Amino acid sequence: MTGICGGYTTFSSFSLQMLNLARDGETALAGANVALSVVLCLVGVWFGHIAASALNQFEGV
């Protein structure tokens, strides 16, 4: 339940931030925020996958 609620509140905060930036006419900043958020999220998942794969190699030791 915590994961669902945590993910929902994070997405809600992100959406509100984008709405406020767009409403204030900061479309370039809003676009950069979206792009960086997606790219950094994917990089984090990639690093997490690499770390998990490395740890799984030690499972049989």
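**Notebook: V34 and the nonpolar surface**

I looked up V34 and found a relative accessibility of 35%, so V34 counts as partly exposed (buried means under 20% relative accessible area, exposed over 50%, partly exposed in between, with a 1.4 Å probe and protein chains only). I note that this is a predicted model, in which local features need pLDDT of at least 70, side-chain atom pairs count only at pLDDT 80 or more, and totals for chains, interfaces and linings use all residues. Residues are numbered from 1 along each chain as its sequence is written, and side-chain values use heavy atoms, without hydrogens and water.

I placed V34 in helix 2 (helices are DSSP runs of H or I with at least four residues, strands runs of E with at least two, numbered from the N terminus). Leaving aside residues up to four places away in sequence, I found V34 touching F14 and M18 (contact means heavy atoms within 4.5 Å). Between the C-alpha atoms of V34 and S15, which lie 19 residues apart along the chain, I read 9.7 Å.

I then turned to F47, which is also placed in helix 2, residues 27-57. My search of the whole structure gave one aromatic pair (ring centres of Phe, Tyr and Trp, the last by its six-membered ring, within 6.5 Å; planes under 30 degrees apart are stacked, over 60 edge-to-face, the rest tilted). W46 and F47 form this tilted pair, 5.1 Å centre to centre with 35° between the planes.

For the whole chain, I recorded two helices and zero strands.
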